[in-house]
Amino acid sequence: MSRLIVISNRVNPPVEEGGGAVGGLAMALAAALREYSGVWFGWSGQTAEGYTGQIAIQRVGGVTVATVDLDEQDRQEYYNGYANKTLWPLFHYRIDLTAYERSFDEGYARVNRRFAETVRPLIEPDDFVWVHDYHLIPLARELRKLGMKNRIGFFLHIPWPARRLLTTLPKHRELVEALFAYDLVGFQTEDSLTAFEDYVVKEAGGAVGAEGAAEAFGLRTRIGAFPIGLDADHFARAAQSPEGRAQFARMQESLAGRQMMVGVDRLDYSKGLEERFLAYEQFLIDNPDEREKVFLLQIATPSRDEVEAYQDIRARLDAVAGRINGAFATVDWVPIRYVNRTYRRDELAGIYRAARIGLVTPLRDGMNLVAKEYVAAQDPDDPGVLILSKFAGAAAQLPEALVVNPFSREDVSEAIRKGLAMSREERISRWTPLMHNVMTQDVAAWRDDFVAALRATERPAAPDPVNDQTPIASAS
Ligand code: ADQ
């Protein structure tokens, strides 16, 4: 039976099934790898002097993990540079923060080449390969150059940007062309898929077919939307676990009769944290009688702190939270509890369950798993209210949330007021379909759909009757 080779920038398998702080994605991939007795390859997170390509192989939680160290220049140009200062901001619609530097380009190409050369000997002819995220877009092309004929799929965890934005990238054509070396390219949402198709047709002069075929640069691939889900069942149970219950009880006690709103995010400018704080301030201004009856618990884990834009947003959030607290706090009430640490998943589940409102207001987000976690952790008899940005991929799947425009303080402020006042009956009637979606469209369904679609593709090198019969719309 063919094995599955997963390749991502960082490798993060759970040490043990159900392990404390591990995310659902890692658990899902680890489960798939166990099923297909595969290998997970990526960067160790460490740097060494000069790239050696020496692979460290370990067995972790039943999964074979293969990692390499990068050299310092790679880390700066590829990881901090092209991945996190160029592609991340650009794909999140922040061209004001996007760095267009040639050395980043070169570092990105170099690391993808090195990854391909290093992982190549681990891959057998029957294996199929699943590459993850924006760090590794050119990887399949590099593997093809080394003669690899295996089926290779790619999944983009972040949004695909609008054509006009993407064309600000000096080598945008090269980047998109690289995607055509994959057999299957998956996006989070129909929206991203449509934006990709728009580029293919209008910018690359290619064509897209009804059956998920795309053609450009003289190459063909399959494309599709595969919305990622949560390890929902596990997460729902975590809220009821001893640790989840203990955290819930601890939160209940600290509420002192007040209602809690919760936000949980990586500390990232795409998550709309500053706008969220300002919208909450607007709510406090608009609803003076609600002050002291509610507070916001914002958990924000620092990330990518070598990148200046992340240092800036962190400093701004400290300042805004401090200012709001200074302006509104009383001797026994602080409007924003702002916490910069990481919690175990069962603790998080308990915290979500104690919150009347889950405030998930990114300015742009591929999917956003926090929205789904909030839903999964609720008490079916007394669920809370999800306030969700229309610019999170999750909004397409979770329309029963209070869907808001995170750029509008008034809009978010009104949703908070509505959420706090919402009857139990309405909360239940909104939460029920949300929970149904979260439970059925879970991470296992996502993984299985993608892997099945990848297995169903045909290598174009062989005659490809499916593709060849697909009517391809001409560029318009
Ligand atoms: P992220 O941008 O990291 O992921 P998200 O989907 O919200 O965003 O996932 C964050 C995860 O980190 C959640 O599981 C959350 O519980 C966890 N987390 C955040 N803060 C935490 C804390 N303080 N303690 C413990 N856990 C914390 C990218 C894309 C998303 C996409 C995912 C998966 O940007 O749009 O949904 O990949 O594809």
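This is a predicted model: local features need pLDDT of at least 70, side-chain atom pairs count only at pLDDT 80 or more; totals for chains, interfaces and linings use all residues.
Helix H15 gives the largest share of the lining of the largest cavity, namely 4 residues.

The structure holds 2 cavities of 30 Å³ or more, and the largest cavity has a volume of about 80 Å³. Of the 14 residues that line this largest cavity, those closest to its centre are Gly384, Val385, Leu386, Arg430 and Leu434. When the lining residues of the largest cavity are sorted by class, 9 are nonpolar, 2 are polar and 3 are charged.

A separate part of the structure to look at is the pair of helices H8 and H12. Helix H8 is made of residues 232-240 and helix H12 of residues 345-354, and their axes come within 8 Å and cross at roughly 75 degrees. An angle from 65 to 115 degrees counts as roughly perpendicular, and H8 and H12 are therefore roughly perpendicular to each other. On the side of H8, the contact is made by Phe235, Ala238, Ala239 and Gln240, while on the side of H12 it is made by Arg345, Asp346, Ala349, Tyr352 and Arg353. Sorted by class, the residues of the contact of H8 with H12 comprise 5 nonpolar, 1 polar and 3 charged.

Key: Residues are numbered from 1 along each chain as its sequence is written. Side-chain values use heavy atoms; hydrogens and water are left out. On a 1 Å grid over the protein atoms alone, a cavity is a set of points where a 1.4 Å probe fits but cannot get out, and a pocket is an open set with protein on both sides within 12 Å along at least five of seven lines; lining residues have an atom within 4 Å of a point. Grid points are joined across faces, edges and corners, and a volume is the space filled by probe spheres set on the points. Helices (H or I, at least four residues) and strands (E, at least two) are DSSP runs, numbered from the N terminus. Ala, Val, Leu, Ile, Met, Phe, Trp, Tyr, Cys and Pro count as nonpolar, Asp, Glu, Lys and Arg as charged, and the others, Gly among them, as polar. Axes are lines fitted to C-alpha atoms, for helices over the stretch in contact, and angles run from 0 to 180 degrees between N-to-C directions. Angles under 35 degrees count as roughly parallel, over 145 as roughly antiparallel, 65 to 115 as roughly perpendicular and the rest as oblique. Contact means heavy atoms within 4.5 Å.
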